[in-house]
Amino acid sequence: MTSLPSLLGDLDPTSDRAVFRQIADQLREAIDRGRFKEGEKLPSEAELVEHYGVSRMTVRNSFSILQGEGLVHAEHGKGVFVRPRPPVRRLASDRFARRHREQGKSAFIVEADAAGSHPQVDSLEVKEEKASQDISTRLGSVRRVLARRRRYLLDGKPVEFATSYLPLDIARGTQIAEPNPGPGGIYARLEELGHHLDHFEEEIRARMPSPTEVKTLRLASGVPVIHLIRTAYDTAGRAVEVCDTVMAADAYVLSYQLPAT
């Protein structure tokens with residue numbers, strides 16, 4: 001490893017900023033500038049104590065700030081490591097393109113292929129249930145829906161879980177109600193049933209995860225989630241699916257193309 005004096009600066013004794021925050025600032029800058037690469041171990045507590053002339057607790061407080069920001073993660077007995085950058089770029093203008101369905105690929109498989117990752121789906125549950133008030137409203141006041149719950153993994157790591165809700169008069173008794181809906185996923189089956197997709201509406205917000213979401217997505221401390229609700233409409237203007245998705249924010253970059261007019 002390059003010597004610490006060349007990677008990190010000195011503390012400013014005249015600054016009003018707390019020492020542990022100054023150390024966190026310097027480590028953050030070093031990560032941002034690529035001095036510490038993705039997956040690389042940061043200097044140990046002992047090394048930073050010696051470099052800065054501070055206590056171990058001060059260094060630990062600095063690490064806690066970076067963990068809270070999702071920049072690093074600690075491995076017991078090994079040290080603190082720089083977290084990998086988001087591996088998947090989700091291109092909103094392309095992910096639901098009909099050509100992908102015609103090739104037998106779902107949006108998740110398309111994104112995994114682009115990232116060079118191996119996609120998996122587990123924790124699959126398909127059942128009929130009463131629609132919540134929100135889902136009912138989005139689907140045009142339906143009372144019951146077919147719910148498809150699944151978790152998505154890339155290279156064995158959970159990155160999102162999603163629940164699709166579809167009106168029973170569309171989905172009941174079709175391949176959509178099967179665990180494996182077939183090539184191209186449920187959108188391909190909807191179009192085969194005559195519900196040609198016209199457009200999608202998405203609502204996106206970022207928030208901190210619930211304890212259940214932390215467990216399901218195996219999130220490190222300080223990592224937020226992206227909560228996305230998507231409604232799919234057919235060419236007749238009918239809402240044919242609502243998908244409620246929770247994504248690990250450190251796994252994705254959301255990319256959009258916007259018209260200039």
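## Contacts, helix packing and selected residues in a predicted model

Apart from residues up to four places away in sequence, Arg83 touches Glu38, Gly70, Leu71, Val72, His73, Ala220, Val223 and Asp250, where contact means heavy atoms within 4.5 Å. This is a predicted model, in which local features need pLDDT of at least 70 and side-chain atom pairs count only at pLDDT 80 or more, while totals for chains, interfaces and linings use all residues. Residues are numbered from 1 along each chain as its sequence is written, and side-chain values use heavy atoms, with hydrogens and water left out.

Arg83 is found in the loop between strand 2 (79–82) and strand 3 (88–91); helices (H or I, at least four residues) and strands (E, at least two) are DSSP runs numbered from the N terminus. With a relative accessibility of 11%, Arg83 counts as buried. Buried means under 20% relative accessible area, exposed means over 50%, and partly exposed lies in between (1.4 Å probe, protein chains only).

**Helix packing**

Helix 4 (residues 56–68) packs with helix 2 (residues 19–32) at an angle of about 50 degrees, and their axes are 8 Å apart. Axes are lines fitted to C-alpha atoms, for helices over the stretch in contact, and angles run from 0 to 180 degrees between N-to-C directions. Helix 2 is therefore oblique to helix 4; angles under 35 degrees count as roughly parallel, over 145 as roughly antiparallel, 65 to 115 as roughly perpendicular and the rest as oblique. On the helix 2 side, the contact is made by Val19, Phe20, Arg21, Ile23, Ala24, Leu27 and Arg28, and on the helix 4 side by Thr58, Asn61, Ser62, Phe63, Ile65 and Leu66. These residues divide into 8 nonpolar, 3 polar and 2 charged. In this classification, Ala, Val, Leu, Ile, Met, Phe, Trp, Tyr, Cys and Pro count as nonpolar, Asp, Glu, Lys and Arg as charged, and the others, Gly among them, as polar.

Helix 3 (residues 45–52) also packs with helix 4, at an angle of about 115 degrees and with axes 9 Å apart. Helix 3 and helix 4 are therefore roughly perpendicular to each other. Glu45, Ala46, Leu48 and Val49 of helix 3 meet Arg56, Val59, Arg60 and Phe63 of helix 4. By class, this contact has 5 nonpolar, no polar and 3 charged residues.

**An aromatic pair**

Tyr187 and Phe200 form a tilted aromatic pair, 5.4 Å centre to centre with 50 degrees between the planes. Rings of Phe, Tyr and Trp (its six-membered ring) pair if their centres lie within 6.5 Å; planes under 30 degrees apart count as stacked, over 60 as edge-to-face and the rest as tilted. Tyr187 lies in helix 9 (residues 185–192) and Phe200 in strand 7 (residues 197–207), so the pair ties together parts that are 13 residues apart in sequence.

**Accessibility of selected residues**

| Residue | Relative accessible area | Class |
|---|---|---|
| Tyr187 | 7% | buried |
| Phe200 | 26% | partly exposed |
| Asp244 | 23% | partly exposed |
| Ala236 | 71% | exposed |

Asp244 is found in strand 9. Excluding neighbours within four places in sequence, Asp244 is in contact with Phe161, Ala162, Thr163, Tyr165, His227, Leu228 and Ile229. The C-alpha atoms of Asp244 and Leu228 are 6.1 Å apart, although the residues are 16 apart in sequence. Ala236 lies in the loop between strand 8 (225–234) and strand 9 (239–248).
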